[in-house]
Amino acid sequence: MVNILVVSCTQDTLKMRKELLEFAFPEAQIAPFVDPLLAAQYVGGHDVDLALCDFRLRIIDGIQLIKLLQRQNDKVIPALTESDGRHRADAQTLGIGYLPQPISPRELRSFYSGAVVLREDAI
């Protein structure tokens, strides 16, 4: 089973992301958050395999959140999402996965599978 954290700036977007993740990963346990700081606290006490974070969040941005998550769990596979591509290079420079919106279930599965293989090869 895959444990997925999803963080978005609005309840509506969060609901859409959660539905997308449920379709892409029917066996997954999904933890949805609007508040990035609560999401970071959650990761401190739970196993999370994949973190899907919008760039635009409340309080901090998605890159800052992913850095916090990685400090708490260095095994989490991070993915940043946004619609305009402005932060793609920043994410890639930091080794953060990047998924442009709109995201398809196939793209999500492919990204996660590829990241798992890379992580296992690194061990």
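Two strands pair if DSSP finds at least two bridges between them. Helices (H or I, at least four residues) and strands (E, at least two) are DSSP runs, numbered from the N terminus. Before you click, know that this is a predicted model, where local features need pLDDT of at least 70 and side-chain atom pairs count only at pLDDT 80 or more, while totals for chains, interfaces and linings use all residues. Residues are numbered from 1 along each chain as its sequence is written, and side-chain values use heavy atoms, with hydrogens and water left out.

Start by selecting residues 77-82, strand β4, and 97-100, strand β5: they pair in the parallel sense over four bridges. Pick E82 and you'll find its bridge partner in β5, P100. Now follow the chain from β4 through helix α4 (residues 88-93) to β5; this β-α-β crossover is right-handed (with the strands pointing away from you, the path from the first strand over the helix to the second runs clockwise).

Next, select D54 in strand β3 (residues 50-54). Is D54 buried or exposed? It counts as buried, at 5% relative accessibility (buried is under 20% relative accessible area, exposed over 50%, partly exposed in between, with a 1.4 Å probe and protein chains only). Show its neighbours: leaving out residues up to four places away in sequence, D54 touches several residues, including V7, T13, R17 and L80 (contact means heavy atoms within 4.5 Å).

Last stop: Q70, in helix α3 (residues 62-72). Q70 is partly exposed, at 28% relative accessible area. Beyond residues up to four places away in sequence, Q70 touches V76 and P78.
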